[in-house]
Amino acid sequence: MISARVGPPGDLLVLGPVRGLSSEAAQVVAELDAFRPETIGVGLSPEELRSLSEYFVVHDAEPIVPLTTNETSEVRGLVRFGEVRVPNPSIVETLRYAAARGLPVEPLDPSDETYAALFTEHIGYLELVRRTVRERRVARNPPAPSTPDEFALAWDAEIGHGRGSRRFAGARDDELAAAARRLAAEHRRVAVLVDRERFPSVQPRLAAAPK
């Protein structure tokens, strides 16, 4: 996991745990405990946040989570670093942490509708085909670096290095940074949680002056 403090406005703690790795969840909770945020922003859409809160925080029984072929391959590649859980345990434990303390949690990613519009705007047919090919290639031959951080970055770089994919990822991170800055304008201490591979893009966007 990686973390950084950003400000002003307000005081932001940006956390970038490796998605799926159970050991990262405890580190996230420890960082939140030390920071004591007034509110928490997460790199999820409103729809994703509602689903995770309803099925994995409010209810005792967890539903079966189906995985895509690409997600299954990512889990298999990551498991050599420790226990892997789905959905992302760092997110789930953050939601439980917030619920136990009465802290609000805000989704920072665009809605599913806006996400689809951004995807269509930046990723054309040829890039979509190339992404599919890259996903299949990395699923067959996942990266084998020595640390989970390097794995997360290598996996994302393999799939998202196309020009359209980079533009799409940047537009998505622009939306997240703008939402996080709005939170920071309203609260003194805000924690922001994003997947490890998004951290190098999100952190400087939060540090930069608003456009």
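## Model and confidence

pLDDT is the predictor's confidence in each residue, on a scale from 0 to 100. The structure described here is a predicted model. For the protein chain the mean pLDDT is 90, and 95% of its residues reach 70 or more. Among the elements of the chain, strand 3 (residues 39–42) has the highest mean pLDDT, at 98, whereas helix 3 (residues 69–78) has the lowest, at 84.

Five strands form an open sheet in the order 1-2-5-3-4, and their pairing is mixed. Strand 1 (2–6) and strand 4 (105–107) are the edge strands, each pairing on one side only. On average, and with direction ignored, neighbouring strands of this sheet are turned by 20° against each other.

Strand 3 and strand 4 run parallel and are joined by three bridges. Here Ile40 stands opposite Val105 of strand 4.

## Helices lying across the sheet

Two helices may be described by the strands they cover. Helix 4 (residues 89–101) lies across strand 3, strand 4 and strand 5 (189–193), and runs at about 160° to strand 3. Helix 8 lies across strand 2 (11–16), strand 3, strand 4 and strand 5, with an angle of about 160° to strand 5.

## Packing of helix 2 on helix 4

Two packed helices are described by the angle between their axes and the distance between the axes. The axes of helix 2 (residues 46–58) and helix 4 come within 10 Å and cross at roughly 75°. Because the angle falls in the range of 65 to 115 degrees, helix 2 is roughly perpendicular to helix 4. Helix 2 contributes Leu49, Leu52, Ser53, Phe56 and Val57 to the contact, and helix 4 contributes Ile91, Val92, Leu95, Arg96 and Ala99. The residues of this contact divide into eight nonpolar, one polar and one charged.

## Helix 8 and its helical partners

Helix 8 (residues 163–186) and helix 9 (residues 199–207) have axes that come within 9 Å and cross at roughly 45°. Helix 8 is therefore oblique to helix 9. The crossing of these two helices is right-handed. On the side of helix 8 the contact is made by Gly170, Asp173, Asp174, Leu176, Ala177, Ala180 and Arg181, and on the side of helix 9 by Ser201, Val202, Arg205 and Leu206. By class, the residues of the contact of helix 8 with helix 9 comprise five nonpolar, two polar and four charged.

Helix 5 (residues 112–122) also packs with helix 8, at an angle of about 150° and with the axes 8 Å apart. The crossing of helix 5 and helix 8 is right-handed. Thr114, Tyr115, Leu118, Phe119 and His122 of helix 5 meet Gly164, Arg167, Phe168, Ala171, Arg172 and Glu175 of helix 8. The residues of the contact of helix 5 with helix 8 divide into five nonpolar, three polar and three charged.

## Backbone features in loops

Two loop residues have backbone geometry to be noted. The peptide bond from Val86 to Pro87 is cis, with omega near -5°; Pro87 belongs to the loop between helix 3 and helix 4. Arg36, although not a glycine, has a positive phi of about 55°, and Arg36 is found in the loop between helix 1 (22–35) and strand 3.

Definitions and conventions:
Residues numbered from 1 in each chain as written. Predicted model: local features only at pLDDT ≥ 70, side-chain atom pairs only at ≥ 80, totals over all residues. Heavy atoms only, no water. Axes fitted to C-alpha atoms, helices over the stretch in contact; angles between N-to-C directions. Helix = DSSP H or I, 4+ residues; strand = E, 2+ residues; numbered from the N terminus. Parallel < 35°, antiparallel > 145°, perpendicular 65-115°, else oblique. Left-handed = near helix turned anticlockwise from the far one by under 90°. Contact = heavy atoms within 4.5 Å. Nonpolar A, V, L, I, M, F, W, Y, C, P; charged D, E, K, R; others polar. Pairing = 2+ DSSP bridges.
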